[in-house]
Amino acid sequence: TKAALDARISNLKDNAPGAFVMYGSASKDVSAASGTVSIPVTRMVARVSIQKITNKLELPQYNGTSIQIKRIYLVNAAGDMKYGDTRYGADASQGNAYTPTVWYNAGKCDKDGDLPSLLNSKDLTAAVASSSAPYSVAHYFYCYPNPATAGKAGSARCTRLVVEASINGKLCYYPISISDIKNNHTYNISELVITRIGSENPDTPVSYSQATFTVTVNSWEEGSDTSVTI
């Protein structure tokens with residue numbers, strides 16, 4: 001039955017880039033004269049992307065220093081979702097959305113981490129943001145919806161896009177929190193501008209006195225852009 005299907009849980013591992021689990025429903029009376037039913041479907045995943053990393057290190061001792069981009073990945077990626085989640089389509093503002101119970105790359109991403117084809121760029125051997133040229137290779141990642149909001153007391157774990165970098169041999173992290181992730185939406189960081197040394201932990205954002213950014217969200221088909229300065 002539809003009710004039984006709506007209660008079933010999909011796991012993020014059922015997806016692959018270019019082969020996403022989709023869901024939709026429609027109601028129609030079918031007669032012999034019109035036996036075709038069209039059912040619109042939407043992706044259950046959300047997409048998180050980053051387009052460019054710019055090196056604007058401000059401290060004099062880092063003048064001319066290149067930033068070696070080691071890896072880019074998601075932490076705290078929601079890993080399960082109910083097919084009948086009320087965040088779909090026109091019902092998105094109604095009812096209680098499903099709360100994730102499965103998490104991938106929880107708090108960190110060791111080596112390739114969990115589900116690397118969806119959540120991890122893997123090692124980037126020649127990714128450099130020099131003082132004169134940004135790193136301009138786009139990377140795309142996919143996770144299930146997460147209603148958590150960064151900085152909100154009592155909120156569940158927030159999904160973060162993490163740029164792992166080395167500056168003069170020091171490994172540091174630039175986590176960007178993505179709040180209230182919805183399915184079939186894209187969350188695009190159009191540019192990350194790095195002005196200082198990052199965090200020592202991939203799940204600890206750089207303080208807001210040092211990092212300011214805004215995330216604008218539209219449906220996947222339209223896209224959204226965010227510029228981040230850290």
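Because the model is predicted, local features need pLDDT of at least 70 and side-chain atom pairs count only at pLDDT 80 or more, whereas totals for chains, interfaces and linings use all residues. Residues are numbered from 1 along each chain as its sequence is written, and side-chain values use heavy atoms, with hydrogens and water left out.

The protein contains two helices and 17 strands, taken as DSSP runs numbered from the N terminus (helices, H or I, at least four residues; strands, E, at least two). Of its 230 residues, 45% are buried, where buried denotes under 20% relative accessible area, exposed over 50%, and partly exposed the range in between (1.4 Å probe, protein chains only). The accessible surface amounts to about 11400 Å², with 47% belonging to carbon and sulfur atoms; areas come from the Shrake-Rupley method with a 1.4 Å probe, and for residues only the protein chains shown count as cover. Among contacts (heavy atoms within 4.5 Å) between residues at least 6 apart in sequence, 71% join residues at least 24 apart.

A nonpolar core is a set of buried Ala, Val, Leu, Ile, Met, Phe, Trp, Tyr and Cys residues joined through side-chain atoms within 4.5 Å. The largest such core has 48 residues, of which Ile-53, Ile-69, Ile-72, Leu-161, Val-163, Tyr-174 and Leu-192 touch the most other members. Elements giving two or more residues to this core include β4 (46-50), β6 (67-75), α2 (116-119) and β12 (159-167). Apart from this core lies another, of five residues, among them Tyr-73, Val-75, Cys-109 and Tyr-173. Leaving aside neighbours within four places in sequence, Ile-72 is in contact with residues including Ile-50, Leu-119, Phe-141 and Leu-161.

Asn-183 is located in the loop between β13 (170-178) and β14 (185-194) and counts as buried because its relative accessibility is 5%. The side chain of Asn-183 reaches the backbone oxygen of Arg-43 at 2.8 Å.

In the loop between β2 (22-23) and β3 (42-43), Ser-38 counts as exposed, since its relative accessibility is 61%. The C-alpha atoms of Ser-38 and Lys-28, ten residues apart along the chain, are separated by 9.2 Å. Val-37, also placed in the loop between β2 and β3, is partly exposed, with a relative accessible area of 35%.

How values were computed:
A polar contact is a pair of N or O atoms within 3.5 Å; within protein, one must be able to donate a hydrogen and the other to accept it, and residues adjacent in sequence count only if both atoms are side-chain atoms.
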